Amino acid sequence: MRDPKIHYPLPSPPLRPLPFPLTTIRAGISGFPSPAEDYVGRTLDLNERLVKRPSATFFMSVKGDSMDGFGIQDGDTLVVDRSIDPRPGHILVALVDGEVIVKRYEKRHGRPLLCSGNPRYAPIPLTDLDCQVWGVVRSVIHEYPV
C-alpha cells in the first residue's frame with residue numbers, strides 16, 4: 001500500500017523522436033520551393049546532434065552559480081566528452097582536491113588556472129593542487145520551467 005504522504009513519480013512516457021516542424025504551405029504561387037521541404041518527415045535526434053563520441057561521453061547536472069557568466073546555470077545538464085584534450089578556453093569538469101568542479105581552463109602568464117564565470121569566485125591556480133580532468137563540456141542543456 002502506498003503512503004499518501006510520499007509523492008511518487010509518474011511513469012515515464014514512451015520515448016518518441018522529436019520531429020522537425022512540418023512546413024507544407026508555400027506563400028504565393030510563384031517563386032522557388034521552400035528549403036524546408038527537404039526536411040519533411042525528418043526527426044531530430046539529440047544524441048546524434050550533441051554526442052559526438054558516445055563511448056567517451058557522459059552527462060552531469062550543475063549545482064551553483066559560479067558559471068552563470070558563461071551561460072551555465074544551476075540545474076543545467078552538461079554533455080561532457082572525455083576524449084577531447086583540454087585547451088585554454090575550454091570548459092572543463094575536473095576533480096580538484098576531492099571536489100568535482102566545472103570551470104573554464106585558462107593560462108595567464110604561463111600559469112594554468114580554472115576560472116569561474118562569476119566575479120565572486122577567484123580563479124583556482126592549478127600549481128600544487130591535485131587535479132584530474134574528467135572531460136571537456138561539449139554542450140549545455142538548459143530547460144525552462146513550464
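This is a predicted model: local features need pLDDT of at least 70, side-chain atom pairs count only at pLDDT 80 or more; totals for chains, interfaces and linings use all residues.
Residues count from 1 along each chain as its sequence is written. Local features need pLDDT of at least 70 and side-chain atom pairs 80 or more, while totals for chains, interfaces and linings use all residues, and side-chain values use heavy atoms, without hydrogens or water.

Start with the salt bridges (a side-chain nitrogen of Lys or Arg within 4 Å of a carboxyl oxygen of Asp or Glu); the structure has 5. Select Asp65 and Arg120, whose side chains meet at 2.5 Å, N to O. Asp65 sits in the loop between β3 and β4 (77–81) and Arg120 in the loop between β7 (111–115) and β8 (124–125), so the pair ties together parts 55 residues apart in sequence. Strands here are DSSP runs of E, at least two residues, numbered from the N terminus.

Next, pick Arg138 and Asp81, with their closest N and O atoms 3.4 Å apart. Arg138 belongs to strand β9 (residues 131–141) and Asp81 to strand β4, so this bridge joins parts 57 residues apart in sequence.

Finally, show Lys103 and Tyr121. The charged end of Lys103 sits over the Tyr121 ring, 5.5 Å from its centre (the criterion is NZ of Lys or CZ of Arg within 6 Å of the ring centre and within 35 degrees of the ring normal).

Terms used
Helices (H or I, at least four residues) and strands (E, at least two) are DSSP runs, numbered from the N terminus.
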